[in-house]
Amino acid sequence: MVTTVKRLLLALVALGTLAACSSTAPLGSTPMASAPTGTTTPATTLVIGSQAYYSNEIIAELYAQALEAKGLTVSRQYQIGQRETYLPDLAAGKIDVMPEYSGNLLQYYDKSTTATSPADVTAALAAVLPSGLRPLTAAAATDQDSYNVTADFAQQYGLSSLADLTKAPGPIKVAANSEFEKRPYGPQGLKKFYGVEVTVVPVEDSGGPLTVKALKDGTVQAADIYSADPSIGANKFVTLSDPKNMILPQNVVPIVSSKVDASAAAIIESVNAKLDTASLVALNQRSVTEQATSAVIAKAWLTEAGLLG
Amino acid sequence: MNYLTQAIQWITDPANAAGANGVWARMAEHFLYTVVAVAVAALVAVPLGYLVGHTRRGRGVVVVTSGAARALPTLGVLTLAGLVLGIGLAAPMLALVLLAFPSILAGAYAGVEAIDPVTVDSARGLGLSGWQVLTRVEIPLGLPLLIGGIRSAFLQVVATATLAAYVGAGGLGRFLFLGLKTQDYPQMLAASLLVVALAVAFDIAFESVEWLVRRVVPSGRREASA
């Protein structure tokens with residue numbers, strides 16, 4: 001009898017604990033569930049997303065703090081993986097602002113695109129986005145694929161542009177993600193535009209430390225590293241110029257939902273107006289070398305740019 | 001379902017079969033990496049396991065370290081090793097050997113440990129030396145568990161060897177990464193199916209070996225009562 005009572009009490013306690021657990025969000029916030037769906041409160045909350053890419057999160061944070069400084073309420077939903085993960089949420093209206101990169105986003109929706117100049121790419125983007133989404137004015141800042149060689153290699157063969165690669169002894173090996181092989185600015189593009197033959201050595205860390213190491217070791221002669229990556233400057237790599245616009249431009253472009261009205265859009269665009277590639281590299285640099293958080297980095301930059309006043 | 005048919009079409013497409021980046025070449029690489037990684041791990045883990053099992057010394061240390069080694073994320077090991085060794089086969093090989101090591105080690109010492117102590121004692125009583133006890137009693141009787149350990153090491157390594165492609169060393173992971181990054185999901189699924197096929201082939205081979213061993217090697221208990 002006593003044990004039965006004890007068990008009953010225990011079960012009650014367990015139930016109570018469960019109930020308490022279920023009333024608090026297990027992960028601290030449930031942005032997907034709490035994101036407003038259609039019926040909005042007077043003070044609209046804008047959900048700002050970011051890719052699982054530190055630099056993208058910094059840009060998202062720039063927008064977030066700029067919007068907050070003007071009295072808007074934002075909810076941060078950062079580090080949401082890759083396009084396959086967040087684009088459906090964006091299209092469904094669960095995310096309102098997403099920093100994107102013009103060329104790759106365009107290619108996601110339209111694999112056969114022929115746009116190459118920054119302006120063409122941004123224009124084409126507006127046409128392919130799902131209904132309800134629109135791109136705002138792109139920033140001058142780009143974070144795009146770039147062919148890099150070591151300073152020694154560049155000096156030895158007098159390399160400054162992609163066309164100069166013909167002067168270096170082949171076969172030239174390029175460390176890059178495996179998809180690079182299929183991209184229009186990959187080996188086929190290099191052959192078509194500049195008459196250079198290269199082979200790809202697939203290293204899947206998106207121009208990260210392993211790719212940098214391969215280039216420094218001389219295992220490869222060139223490496224595909226994103227142009228806003230501080231490692232290019234840190235290792236004195238030489239980025240080969242692309243006079244024929246072979247590489248798809250990747251201007252930072254915010255994709256926003258219809259909940260972002262003209263005034264909110266203007267705030268975001270005021271950030272973009274000051275965001276050039278040098279600023280982006282500097283922002284990334286602080287994250288890489290100081291391990292500073294996106295909030296700290298964004299605040300310092302916005303303050304300096306006079307966007308928090 | 002549609003993906004599955006596309007994946008099978010991808011595998012059977014002759015255009016994907018031949019060449020240095022063809023299915024056959026990548027499959028052979030994958031097979032080779034798996035065998036080499038497990039063999040290298042076994043070369044160290046088996047003697048060490050026998051030493052621990054036979055002497056009953058250092059068991060605590062071995063259990064704790066091999067348990068901890070199991071928890072190592074292979075991608076982390078691979079990246080760290082890659083930063084030291086550079087890209088190529090060395091880093092993934094090291095990571096795969098580390099992955100295979102704990103299972104084989106556990107199989108080796110557990111096999112020896114699981115033998116009925118009476119069997120070992122009677123072997124000693126018959127005048128067998130320590131070396132003879134090991135080679136004539138402990139190793140043969142421990143064989144089924146050792147093979148079990150090697151079998152599970154193979155399964156882990158064959159699945160994880162896809163990471164070799166992360167640092168440009170090829171294998172079936174090449175298709176997996178390429179498919180993932182280009183949203184070519186049939187190709188990804190095809191690569192996964194090929195890995196699964198390799199794993200099943202390995203497992204069937206081991207099942208046969210285990211069956212053979214069970215027929216040849218008597219269990220410790222029966223030996224003891226004989």
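Buried area is taken as the accessible area (1.4 Å probe) that two parts lose on being put together, summed over both. By this definition chain A and chain B bury about 1700 Å² between them, with 62% of it on carbon and sulfur atoms. The model is predicted, so that local features need pLDDT of at least 70 and side-chain atom pairs count only at pLDDT 80 or more, while totals for chains, interfaces and linings use all residues. Residues are numbered from 1 along each chain as its sequence is written, chains are lettered from A and ligands numbered from 1 in the order in which they are written, and side-chain values use heavy atoms, with hydrogens and water left out.

The contact (heavy atoms within 4.5 Å) takes 21 residues from chain A and 18 residues from chain B. Across this interface 3 salt bridges are found, a salt bridge being a side-chain nitrogen of Lys or Arg within 4 Å of a carboxyl oxygen of Asp or Glu. A:Glu204 forms a salt bridge with B:Lys181, with 2.8 Å between the closest N and O atoms. Both of these residues are also in contact with A:Glu179, as are B:Leu178 and B:Thr182, when neighbours within four places in sequence are left aside. A:Glu179 lies in the loop between β6 (172-176) and α8 (187-194) of chain A; helices (H or I, at least four residues) and strands (E, at least two) are DSSP runs, numbered from the N terminus. The relative accessible area of A:Glu179 is 10%, so the residue is buried (buried means under 20% relative accessible area, exposed over 50%, and partly exposed in between, with a 1.4 Å probe and protein chains only).

Chain B has 11 helices and 0 strands. Its C-alpha trace spans about 65 × 40 × 25 Å along the principal axes. Of the 226 residues in chain B, 45% are buried. Contacts between residues at least 6 apart in sequence join residues at least 24 apart in 76% of cases in chain B. The accessible surface of this chain, which comes from the Shrake-Rupley method with a 1.4 Å probe, is about 11000 Å², and 70% of it belongs to carbon and sulfur atoms.

Over all chains the count of salt bridges comes to 17. In chain B, a network of salt bridges links B:Arg151, B:Asp203, B:Glu207, B:Glu210 and B:Arg214. In chain A, the side chains of A:Glu68 and A:Arg76 meet at 2.9 Å, N to O; A:Glu68 is partly exposed at 36% relative accessibility, and A:Arg76 is partly exposed at 33%. A:Glu290 and A:Arg286 form another salt bridge, their closest N and O atoms being 3.1 Å apart. These two residues are 4 apart in helix α12 (residues 277-290) of chain A, and are therefore separated by about one helical turn.

Backbone geometry was examined in the loops. A cis peptide bond with omega of about -10° joins A:Gly170 and A:Pro171, and A:Pro171 is found in the loop between α7 (151-157) and β6 of chain A. Phi is positive in A:Ser206, a residue other than glycine, with a value near 50°. A:Ser206 is in the loop between β7 (198-202) and α9 (209-217) of chain A and is partly exposed, with a relative accessible area of 32%. In chain B, phi of B:Arg56 is positive, near 55°. B:Arg56 is placed in the loop between α3 (23-55) and α4 (59-70), and counts as partly exposed at 47% relative accessibility.
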